[in-house]
Amino acid sequence: MTTMLEVARRAGVSKATVSRVLSGNGYTSQETRDRVQQAIEECGYRPNLVARQLATRHTRTLGLVVTNTLYHGVYFGELLSQVARMTEDRGRQLILADGKHSADEERQAIQYLLDSRCDGVIIYPRFLGVEEMDEIIEQHEQPIMVLNRRLSRHPAHCVYADQQAAAEAVVDKLVAMGHREIAFIAGSADSPTGAERLAGYRQALIRHGIPVQETLIAPGKWTPACGAAAVSTLLARGARFSALVASNDDMAIGAIKRLHEAGVMVPDEVSVVGFDDIPLAPYVIPALSSVKMPVNGMIQETINRLTTMVEEGSRDALPAFSGTLIRRDSLRRLTGGAMMAVGRPGGIR
């Protein structure tokens, strides 16, 4: 097995110089670094990773905790892709840990990454509460960033979007376009994002003086099949609506399919809006209007903050990111005061 001393002899430098080149600490000329790198390649030397980590106190790794119940779907595929790409761009390796099915298992996944000496850890929480994550941050020296959740005690350690405000803005737009009977497909009952979007829908209706009708709210669990099933539930109730907001694009796509099967024209009879603006949204027929959440910007800010904390220390708190409605063919303005709605005379029953 090739040793560092053999590399030093081949490069014509000291062992300490080889160590400086490998760690990136201390000054060495470009010529010397090139000689050492060439000697490493010729000798086939592989540095002892554990020893190097102990010497430098950095592993050049970032950890990410995501529970496997969130892996499915385009949104999280895109999220993982962006995290991996941005981590690579910063010369670091990404280590993914599965939060599995409970708060305890999420906590274990975080501890695994911390025990693996990751320089920093990103948490996309599903089960852990805000208080629990604040405590975890306080208990560890390694910097931890929480994605898509607002922390109360450590606002500089979280990057999040205002999901409730985004949902309110969608309802505001629909009301401005003449819609007053607006149905809503909720996300999973235990999802903070789903709860915030539902709260935004309710709050906007109340602000516009429109009664909140529970018969216009259907449960969902983020999948196209759930979106289709939610529309079936609304139709079975005889609910009347001229617009439908789904808590994510997958459910909106399933809803459009079910409306089509029921003979309801989108958007002529029912306008449909989703959330997340997934890459498939423009290619649905009709093209899906959707609230684009700034996932790339949130991930970039999360990784920037995490790497800065590793190298420089704490940062100031950030304001919430905002969503933007991308209007496409699935959304139309009601005209002439006439409203066609599911369940109304002249509409689809």
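1. Which residue in E10 is the bridge partner of Phe275? In this predicted model, that partner is Val291, and the two strands concerned, E9 and strand E10 (residues 289-292), run parallel and are joined by three bridges.

2. Val291 also has a bridge partner in E11, namely Leu325. Here the sense of the pairing is antiparallel, again with three bridges between E10 and E11. As background, the strands of a sheet pair through backbone hydrogen bonds, in either a parallel or an antiparallel manner.

3. These strands belong to an open sheet of six, ordered E7-E6-E8-E9-E10-E11, in which the pairing is mixed. Strand E7 (217-218) and strand E11 (324-326) each have a single partner strand and stand at the edges, so one side of each is left without a neighbour in the sheet.

4. Elsewhere in the six-stranded sheet, strand E6 (residues 182-185) pairs with strand E8 (residues 243-246) in the parallel sense, over four bridges, and Phe184 stands opposite Val245 in E8. Helix H9 (residues 192-207) packs on this sheet, where the helix touches E6, E7 and strand E9 (271-275), and its direction makes about 165° with that of E6.

5. A further open sheet is formed by five strands in the order E2-E1-E3-E4-E5, and its pairing is parallel. Strand E2 (93-98) and strand E5 (158-159) are the edge strands, each of which pairs on one side only.

6. Within that five-stranded sheet, three bridges link strand E3 (residues 120-124) to strand E4 (residues 144-147) in the parallel sense, and Ile123 stands opposite Val146 in E4.

Notes
Residues are numbered from 1 along each chain as its sequence is written. This is a predicted model: local features need pLDDT of at least 70, side-chain atom pairs count only at pLDDT 80 or more; totals for chains, interfaces and linings use all residues. Side-chain values use heavy atoms; hydrogens and water are left out. Two strands pair if DSSP finds at least two bridges between them. Contact means heavy atoms within 4.5 Å. Axes are lines fitted to C-alpha atoms, for helices over the stretch in contact, and angles run from 0 to 180 degrees between N-to-C directions.
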